[in-house]
Amino acid sequence: MKAIQRITLASPVLNGNERKYVLDCIDTGWISANGKYVTQFEEKFADFCGTEHAISCANGTVALHLPLLAYGVGEGDEIIIPTFTYIATANAIKYCGATPVLVDSENDSWNIDPYKIEEKITPKTKGIIVVHIYGHPVNMDPIMEIARKHNLFVIEDAAEAHGAEYKGKVVGSIGDVATFSFFGNKVISTGEGGMITTNNRDLAAKMRLLRGQAMDPNKRYWFNEIGYNYRMTNLQAAVGLGQLENIEWHLEQRRRVATQYIESLSQFNDLFTLQPEMSWAKHTYWMVSILLNDKVKASRDEMMSLLEADGIETRPLFYPMHQMPPYYEENANYPIADQVSSRGFNIPTNATLTNDEIDYICNRLVYHCQNNL
Ligand SMILES: Cc1ncc(COP(=O)(O)O)c(C=O)c1O
């Protein structure tokens, strides 16, 4: 069986009211940050997460920067994060002049290991950012317990995990604050965009202030502090609202795709393993991820090239922070993150993948692994 055209890793599906709402923005001239779609998108997203507040912003990176600023994080402070994440998590901390302190992954979910956090806490630690990696929720209970014990805030970086659930609770409503990305490859997208959810009214007000250059709400063009222009436009929110109205469909499609992969590939767990779904978790399957077993002699990159030649786009798992120049650690000891990163890659997880395409991907993957023992 041959793929007719390249199967992409991810692409947005804009099959709801997105077009209608965007045209409304254009027809009415409401294309900037003020406009009804911004408000509606925020209200509907807060409902979706079950939080009091949702604050839209320009992307998932500034969505992390804003709560750190609102908490007053600055020079000399330390924030605990998983080493196995996308670099935005660490960069947002650096933007504040603070230091990310890295923790290894747990073996099962590949998320931050809750039992390795406490040893990294110092008098300088102000908070923890957990990351629901590839859409699998973090084991939140032990982390919230540690945070309360040491008086730390918890930010959920849910950039990849819209709709994932931890013990029946949707992510974004478990930590003190949560952040989301709506980049084009995410479960739902606004092109570029971000959202912050919280139940903390004062924090929400502070983040809204900082998002809009910190202009005094009672005195136009008066600024008591330095703020940022981190706003989302009405055009982006129009797309976001259309996407959000259909989020159950998007989530169902991802689960359909992941289920077919799991059913076809689990029997080959001598060759590779899939990121598992823990018993307490509802994975959102932003990206289905494969980890090659040592028995497969081809490197991860060789395997990805073989699949590319078959017309199948893949993507390497993230490099852990401690391996890269901005966050390099000389005597790093993060064996799980190193192992997962060096042997893992994402396979196509589009909402529109057909059964035949998934079959084709599975066949080629198994074929190349068996040919490289
Ligand atoms: C874990 C994580 N955090 C933050 C971000 C940043 O989001 P954005 O690209 O919208 O700035 C991403 C983006 O993919 C991400 O994967």
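Let's start where two helices touch: Glu18, Tyr21, Val22, Cys25 and Ile26 in H1 meet Asn234, Leu235, Ala238, Val239, Leu241, Gly242, Gln243 and Glu245 in H7. Contact here means heavy atoms within 4.5 Å. By class, this contact has eight nonpolar, three polar and two charged residues (Ala, Val, Leu, Ile, Met, Phe, Trp, Tyr, Cys and Pro count as nonpolar, Asp, Glu, Lys and Arg as charged, and the others, Gly among them, as polar). The model is predicted, with pLDDT of at least 70 needed for local features and 80 or more for side-chain atom pairs, while totals for chains, interfaces and linings use all residues. Residues are numbered from 1 along each chain as its sequence is written, and side-chain values use heavy atoms, leaving out hydrogens and water.

How do the two helices lie? H1 (residues 18-28) and H7 (residues 234-245) pack at an angle of about 155°, with their axes 8 Å apart. Axes are lines fitted to C-alpha atoms, for helices over the stretch in contact, and angles run from 0 to 180 degrees between N-to-C directions. H1 and H7 are therefore roughly antiparallel to each other (the term applies to angles over 145 degrees).

Now turn to the sheet. Four strands form an open sheet in the order E10-E12-E14-E13, with antiparallel pairing. Helices (H or I, at least four residues) and strands (E, at least two) are DSSP runs, numbered from the N terminus, and two strands pair if DSSP finds at least two bridges between them. E10 (272-274) and E13 (315-316) stand at the edges with a single partner strand each, so one side of each has no neighbour in the sheet. Helix H8 (residues 247-265) packs on this sheet, touching E10, E12 and E14.

Notes
Angles under 35 degrees count as roughly parallel, over 145 as roughly antiparallel, 65 to 115 as roughly perpendicular and the rest as oblique.
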